[in-house]
Amino acid sequence: MSNQALMAWSVVVVAISFAALCVYLIVTLKAARETLVSVQGTIKEANQTVGMLHTKVEDLTNNVKVISEDVKNKIRSTDDFFQAARHAGTTLKETTGAVRDISSTLSRAVRQQVAALEPGPEHKKTWTEWFKIGMNVVSAIRSAKQQNKEEKAVLAAEAHEEEHRLYDSAAYVPEPFQPGSHRVYNGHSHS
């Protein structure tokens, strides 16, 4: 074989190799293009899914905020109730103490009057002395009743004030449950 024939065959082999390489590159580029199109579609779907999840997470966050605010308001409402119960207990304790004081005062006055009534061996009471003793007993009873009435009036005023304050706090309706509030619960809008 001559140089020219060898050169001709070499050019043919190079041309065939170049053509094969071009075909391989074209096939590879088409496959890469299809892969990129597929990845692009997957990314679009992922973006849509993330967008929907973002919206649902925002709705859930808003619902949690509304519910936690409602729970806080209800806890604050029970604080007033327990404070009123504590005041009622204090009032009851004070009333019991007042009744105890009144009864001890009354029993002391009665004991003194009874002691004054007990005659000595040589002493007899006259009707005026008996009258004075009776008036002292009646006076002690009246003052005890008056003191009891005043304490009851003070306690009733305090109880009425506390009850009025409780009714005012009980009338509170949390915002998400007020008519006309537009809140979203579980992905649905409620009016």
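Buried means under 20% relative accessible area, exposed means over 50%, and partly exposed lies in between (1.4 Å probe, protein chains only). This is a predicted model, in which local features need pLDDT of at least 70, side-chain atom pairs count only at pLDDT 80 or more, and totals for chains, interfaces and linings use all residues. Residues are numbered from 1 along each chain as its sequence is written, and side-chain values use heavy atoms, with hydrogens and water left out.

**View 1. The whole chain.** The chain holds 2 helices and 2 strands, in the order α-α-β-β from the N terminus. Helices (H or I, at least four residues) and strands (E, at least two) are DSSP runs, numbered from the N terminus. Of the 191 residues in the chain, 12% are buried. Among contacts (heavy atoms within 4.5 Å) with a separation of 6 or more, 62% join residues 24 or more positions apart.

**View 2. Two annotated spans.** Residues 6–27 are 100% helix and 0% strand, with end C-alpha atoms 31 Å apart. Residues 29–63 are also 100% helix and 0% strand, and their end C-alpha atoms lie 50 Å apart.

**View 3. A nonpolar patch around Leu 21.** Phe 18, Leu 21, Tyr 24 and Leu 25 make a nonpolar surface patch of about 450 Å². Patches are made of residues with over 30% relative accessible area and no salt bridge; like charges are joined within 9 Å, and nonpolar side chains (Val, Leu, Ile, Met, Phe, Trp, Tyr) within 5 Å. Leu 21 belongs to helix H1 (residues 3–117). Its relative accessibility is 46%, so Leu 21 counts as partly exposed.

**View 4. The salt bridge of Asp 70 and Lys 74.** The structure holds 1 salt bridge, defined as a side-chain nitrogen of Lys or Arg within 4 Å of a carboxyl oxygen of Asp or Glu. The side chains of Asp 70 and Lys 74 form this pair, at 3.4 Å from N to O. Asp 70 and Lys 74 are separated by about one helical turn, because they are 4 residues apart in helix H1. Asp 70 is buried, at 8% relative accessible area, whereas Lys 74 is partly exposed, at 48% relative accessibility.

Conventions
Areas by Shrake-Rupley, 256 points an atom, 1.4 Å probe, with all protein chains shown as cover.
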